Amino acid sequence: MPRLPSTYPIRLDATNPMALSSSSCDAPSVRARISLAVILLAGAALRFYHLETPSLWWDEILVPLTASHGLDYILDFCRSAEMHPPLFYLVSKAAMGIGLSDFSLRLLPSLLGTGSIYLLYRIARAFTDENTALFSAAILSVNGLHLLLSREIRPYALQLVLLLVALRLLVRLAEEGRWRDLAGLCLVNMALFWLHYFTFHMAAAQGAALALCLWMHRPRFDLKHFAVFCVATAATALPVFAWFFLPSSGSRSIFSDAQYSRWNVFDLIADYLGQALFFFDGQRVRLGAAALALGGFAMLALRRPRLAAICLILVAVPLANVLVMGKAAYFSPWHVAYATPLLAFFMAQPLSQLPFAKALAAVLAVAGCASILSTQQARYYEVDSYRHPVFVTLFKPMAKHLAGVLPPDGLVVGSNPGFVSGVDWYMDQYSTPNPLRSQRLVPGWETAQLRFVSAYGDFGVLGRDETDFLARQGRPLSVEKALNATVYTFRLTHDPAPVLDSLPMHASLAATSLDFFRRVASFSDATFCPIPGIGITATANDHPGSIEYVLDNGPDQGPVTFFLNLQYLNIGLGNLLGLYARFDDEPRIPLAGTAGPDPKRQSQTVLTRDKPFKRVTFTVELLCRGLTAQYHGGNLETLAFRGLDVFACRPGETAQSQAAWERANMESMRLNYGAEAFVSNSATPHDPKWSEAVNLDDTPSSEVPGWRVLAPKDPDAPAVLTVEAAVGPGTIFYPRLAGSDASVQVLEVSPDGTSRPVLLMAGVPVEWTPISAQYPLILPPGPKERTLRIELRGRYCQLWHKDGAILF
């Protein structure tokens, strides 16, 4: 075996300025080429074998679900809910032009994963020698963590390729001080910042490595290069940080975690580094791999101390940052995958000294490939291989099963939007029409079957558990297990249309339970979303869903005045919801509408019909635009029909119906809140100490530091407080309530002591209003200074305040 030189001098290949080549081996030998080909084939075999078989798990399926929307949605998603910048979604959107099958979607990560094996070979050969390069590639080809990330629709395979290119440019910049390498490094880092937020740690590591080179007085790398790198990095990082990281609730949640001590974080880092060395079970093997990597680093440090220092800094600094931050929320082995090429490079150092190294590198790749294919089928190559301990739904087999169970044009309700989105993705491919999207009840229907699909024991607002769910919904026709879900089939009988035979009267259509379906006259391309505060949603973006509710006139068919209260949710940009009326077979009349985003939750209108009629049909149409992002893989729950109250009377006898209508409007204010966020300081001038306080219990909140909660001390008697304040447009306050006996009433008190109601909120069983829901106080025109009396009733009725401030 030829003796290796004590150092690996580097020179620039003039024919390929992106390639560094070792002076000890200008071109691969035939044996090296054969060994490399075997290594790449083994790596490709592991990455492409049964690539289409495992079902996409939640983090994977979220990528095509998001990328299938437009650019505005993707950017909004990354700014509002996601913990990653938008680049990978944009790349995936372009790659989806190839196809939507699992193989097509995973093709790019697998190609990148295989390509990174070859790229590591090229870099290791340029930095050291041929044998080290071959062993580096062989080790990476059978690395279990690298293999997993090469088979998933996640950004990590692309991240590894870019990091390897950045490594190549970084080392060459330190050696040669070329401005072109600095420009290339900054461009690669720009892509990395738009790909993953862990780049902030990686850029810090690069800066530390370059600072070391500057301290070592490299003749071609000077302070000017370092300053340009720092300025360019800041100019690239700050916009990403400001435009995407800070606005995203998902990203900020990393810093809100306080459950980990630094020892816990250190333990996690050690565990994840062990998985990066050896991803499979076997603590002794991990320790052996760690010893091999440490020995290899020591060998590299003796021969190329500066290169060894740079590699060590690139591995250690990101993990040191995580440790110093003491935050481990969402920190996973995926985030340590950046170290797998460098760890393979370290481990290759001693192995390269073995006799017949080139052949042994190929043998290592083939043996590792055979071992993984024979022993790790369940981990990589079966339909449930990527089952996640939290997101446990196997969307692909679930969709195949449901496609054979659910009839077209039936009624289907899924227990949560994320489950429905994931199954929808596959159902669109397996079933035409998709029974989850194509739902309808035709006019004149008498009986129908509704299927409720509960994923992993979740029933949403329809029940705390199965027992509670069945107690509320009644006995189902059948109960069928569907993998880790359960399908409950119920028989629905259409309730007769209400008849306007005894006026005044009140009729309502509430989208709060499955009984809603019994009352509708017809229904199409919509479904019930059983999560708090939603209701009936469309089943597809940019395709209208509709609901019809019918009232029959009395025998005399006389004129009628209708007081209508439409309750809805519309928080999505461009969403449209309209309410229409049609008498008999006449053209329909538009009554009310909302264009999103709409901070209101209800709309009132009055309709008088003077001519005789037999039937009036109220139609609600929902059109949800794919613009405002949500974390559920879609945004259909940004537009929902919540209910319709109809108060009918004779045109000359409106007083009773109008009073009931106004009271119902105030009671439904429970739904009419704006954002869910606490305001830090009150902008409404008022005495922080209320002038009257009766039966008030004032306790600090255990959920939100700095805030306190007012509630009735005796729940059987009202709690009353009086506030004098300058109430203007935009004034809000923070009541919270639950239970049918809970209510909040605000009255304006005039100087003569009389009062008139301003707001009345009534609670409902089980469901709490959100803690930080902002409720507007809208007063009729009058003086700026007002006196308000607030009355709290019920055991579960609260009013939140901060530093004595109630109005904000």
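**Exercise 1. The lining of the largest cavity**

Task: In this predicted model, determine how the residues lining the largest cavity divide into nonpolar, polar and charged.

Solution. Step 1: The division is eleven nonpolar residues, one polar and no charged.

Step 1: The lining itself consists of L160, L163, L164, A166, L167, L170, M202, Q206, L314, Y338, P341 and L342. Tyr counts as nonpolar, so Y338 belongs to that class.

Step 2: The most comes from α8, with six residues.

Step 3: The volume of the largest cavity is about 140 Å³. In total, four cavities of 30 Å³ or more are counted.

**Exercise 2. The second largest cavity**

Task: State which residues line the second largest cavity and which element provides the largest share of that lining.

Solution. Step 1: The lining is made up of V63, P64, F88, S92, A95, M96, S104, L105, L108, P109 and I153.

Step 1: Two or more of the lining residues come from each of α2 (58-67), α4 (87-95) and α5 (102-127). The largest share is that of α5, which gives four residues.

Step 2: By class, the lining holds nine nonpolar residues, two polar and no charged. The volume of the second largest cavity is about 70 Å³.

**Exercise 3. Geometry of two aromatic pairs**

Task: The structure holds 41 aromatic pairs; classify the pair F193 and F200 from its ring geometry, and then treat the pair Y197 and F245.

Solution. Step 1: The ring centres of F193 and F200 are 5.1 Å apart and the planes stand at 65°, so the pair is edge-to-face; the cut-off for this class is an angle over 60 degrees.

Step 1: F193 is buried, at a relative accessible area of 1%, whereas F200 is partly exposed, at 25%.

Step 2: Y197 and F245 also form an edge-to-face pair, with 4.9 Å from centre to centre and 90° between the planes.

Step 3: This pair links distant parts of the chain, since Y197 lies in the loop between α9 (179-193) and α10, while F245 lies in helix α11 (residues 223-245), 48 residues apart. Y197 counts as buried at 8% relative accessibility, and F245 counts as buried at 7%.

**Exercise 4. A ring cluster and charges over rings**

Task: Identify the residues that ring pairs link into a cluster, and locate the charged end of R588.

Solution. Step 1: The cluster comprises Y49, F278, F279, F280, Y380 and Y381.

Step 1: R588 places its charged end over the ring of Y580, at 3.9 Å from the ring centre.

Step 2: A further arginine, R609, lies over the face of F583, 4.5 Å from the centre of that ring.

Terms used: Residues are numbered from 1 along each chain as its sequence is written. This is a predicted model: local features need pLDDT of at least 70, side-chain atom pairs count only at pLDDT 80 or more; totals for chains, interfaces and linings use all residues. Side-chain values use heavy atoms; hydrogens and water are left out. On a 1 Å grid over the protein atoms alone, a cavity is a set of points where a 1.4 Å probe fits but cannot get out, and a pocket is an open set with protein on both sides within 12 Å along at least five of seven lines; lining residues have an atom within 4 Å of a point. Grid points are joined across faces, edges and corners, and a volume is the space filled by probe spheres set on the points. Rings of Phe, Tyr and Trp (its six-membered ring) pair if their centres lie within 6.5 Å; planes under 30 degrees apart count as stacked, over 60 as edge-to-face and the rest as tilted. Buried means under 20% relative accessible area, exposed over 50%, partly exposed in between (1.4 Å probe, protein chains only). A charge sits over a ring if NZ of Lys or CZ of Arg is within 6 Å of the ring centre and within 35 degrees of the ring normal.
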